[in-house]
Amino acid sequence: MYMQNMKKSETTEQISLFQWAERIAGIVPALALMYHVPNEGKRTNGGLLKAAGLKKGVPDVCLPVPSGDFHALYIELKYGRNRVTREQDAYMALLERQGNKTVVCYSAQEAIEEILDYLNESWSGRLPLCDCIKAPWIDGRCDGVKMHSRLFTWPHCQRCDHHRPTKAEKIISENMAMVQEDFKRPITKAIMDLANGVPLKNSTMEDTLETINKNLSLLVKGRELDIKQSAAVLSVAIDAYYAGKE
């Protein structure tokens, strides 16, 4: 729908809100459940609609998704000098008593911020939802927020259910799959820090690379890695070393 010639109003803000939700629903499927309650405006068949269940005061938008301590989110969307009516105030109070969250917003952007804040409690990612949405998404998978060298994404992205690993992350994950977490975690962290130009404490970049190599050799001796796997991980560490030196 084109809104260039439409006067800004509650209607245009609501259209903008639902257009945003449609764009983002591939990333946040819960938004596909959000709906508008057509409760506004004068009607010639108002009596019939009231008999069929139309009620004064029902908020404009409902997101029927539980998050945190709430069962659902209800948004009353206003614009300009419009204010909440007595009926709306009373209905929202009843909704809150039933464990729902209600908010009054004066723009689509304000409503978007409220929705993202509400959904953060149930979001399976590790970054705030607003930051996750800004990351590169394709077909429900996210490339994550890249670190300085671009070899790796931030650790919270790597732990996300939706993350698509980088090539370097894949190599480490696949080749160290059988290594105990207590050994794998510090080696992986050292390689990632190296890519950002951060050596081990009281060490140089060169010494850090050598330490990583020695630890990989110990894993080979302990038969947690074979030579080929160790070489693959070391190649990532070398790339990280050069990236960190730039």
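Me: In what order do the four strands of the open sheet come?
Reply: The order is β1-β2-β3-β4, with mixed pairing, where two strands pair if DSSP finds at least two bridges between them, and where helices (H or I, at least four residues) and strands (E, at least two) are DSSP runs numbered from the N terminus. This is a predicted model, in which local features need pLDDT of at least 70, side-chain atom pairs count only at pLDDT 80 or more, and totals for chains, interfaces and linings use all residues. Residues are numbered from 1 along each chain as its sequence is written, and side-chain values use heavy atoms, with hydrogens and water left out.

Me: Which strands stand at the edges?
Reply: β1 (35–36) and β4 (101–105) do, each with a single partner strand, so one side of each has no neighbour in the sheet.

Me: And in what sense do β2 and β3 pair?
Reply: β2 (residues 61–63) and β3 (residues 73–77) are antiparallel over three bridges, and Cys-62 stands opposite Tyr-74 in β3.

Me: Which residue with positive phi follows α8?
Reply: Gly-197, whose phi is near 80°.
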